Amino acid sequence: MAILVNLDVMMAKRKISLNDLAAEVGITTANLSILKTGKAKAVRFSTLNKICEVLKCQPGDILEFRDDDEIS
């Protein structure tokens, strides 16, 4: 089982840079980069909430569940 992070897709759709999103969310660029690349082990609901506010999206637009069999 895996949770895929599609933050880069939403950022591209909204035409916002990593630095700008990090500043608006109130986290470091490094931490946002870790989340964006799918290397984060956890995400705070408050951070996810702020990301969704800024990007005007739903959590499901950013996070996706897939079985290991579906990932290749």
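**Entry 1: helix α4**

I looked up the buried residues of α4 and got Thr47, Leu48, Ile51, Cys52, Val54 and Leu55. Buried means under 20% relative accessible area, exposed means over 50%, and partly exposed lies in between, with a 1.4 Å probe and protein chains only. Viewed down the axis of α4, these buried residues fall within an arc of 165°, so they line one face of the helix. The arc is taken from the directions that run from the helix axis to the C-beta atoms. An α-helix has 3.6 residues a turn, so residues three or four places apart point the same way.

I note that the model is predicted: local features need pLDDT of at least 70, side-chain atom pairs count only at pLDDT 80 or more, and totals for chains, interfaces and linings use all residues. Residues are numbered from 1 along each chain as its sequence is written, and side-chain values use heavy atoms, with hydrogens and water left out.

On the other side of α4, I found Phe45 and Ser46 exposed. The buried residues of α4 pack against α1, α2, α3, α5 (59-62) and β2 (63-66). Contact means heavy atoms within 4.5 Å. Helices (H or I, at least four residues) and strands (E, at least two) are DSSP runs numbered from the N terminus. Lysine 56 follows α4 and has a positive phi, near 55°.

**Entry 2: helix α1**

I ran the same check on α1. Its buried residues are Leu7, Met10 and Met11. They cover an arc of only 100° around the axis, which puts them on the same side of α1. Ala12 and Lys13, on the other side of α1, are exposed. The buried residues of α1 pack against β1 (2-5), α2, α3, α4 and α5. Just after α1, I found lysine 15 with a positive phi of about 55°.

**Entry 3: nonpolar core**

I then looked up the largest nonpolar core, which has 18 residues; Leu7, Leu21, Leu32, Ile51, Leu55 and Ile62 have the most contacts inside it. Two or more residues each come from α1 (7-14), α2 (18-25), α3 and α4. The most, five residues, come from α4. Such a core is a set of buried Ala, Val, Leu, Ile, Met, Phe, Trp, Tyr and Cys residues joined through side-chain atoms within 4.5 Å.

I listed the contacts of leucine 7, leaving out residues up to four places away in sequence: Leu21, Leu32, Leu35, Lys36, Ile51, Leu55 and Ile62.

**Entry 4: largest pocket**

The largest pocket has a volume of about 200 Å³. A pocket is an open set of points on a 1 Å grid over the protein atoms alone where a 1.4 Å probe fits, with protein on both sides within 12 Å along at least five of seven lines; lining residues have an atom within 4 Å of a point. Volume is the space filled by probe spheres set on the points, which are joined across faces, edges and corners.

I read the lining as Ile27, Asn31, Leu32, Ile34, Leu35, Ala40, Ala42, Val43, Arg44 and Thr47. Helix α3 (residues 29-36) gives the largest share, four residues. By class, seven lining residues are nonpolar, two polar and one charged. Ala, Val, Leu, Ile, Met, Phe, Trp, Tyr, Cys and Pro count as nonpolar, Asp, Glu, Lys and Arg as charged, and the others, Gly among them, as polar.

Threonine 47 is in helix α4 (residues 45-55) and counts as buried because its relative accessibility is 15%. I found threonine 47 touching Val25 and Ile27, with residues up to four places away in sequence not counted.
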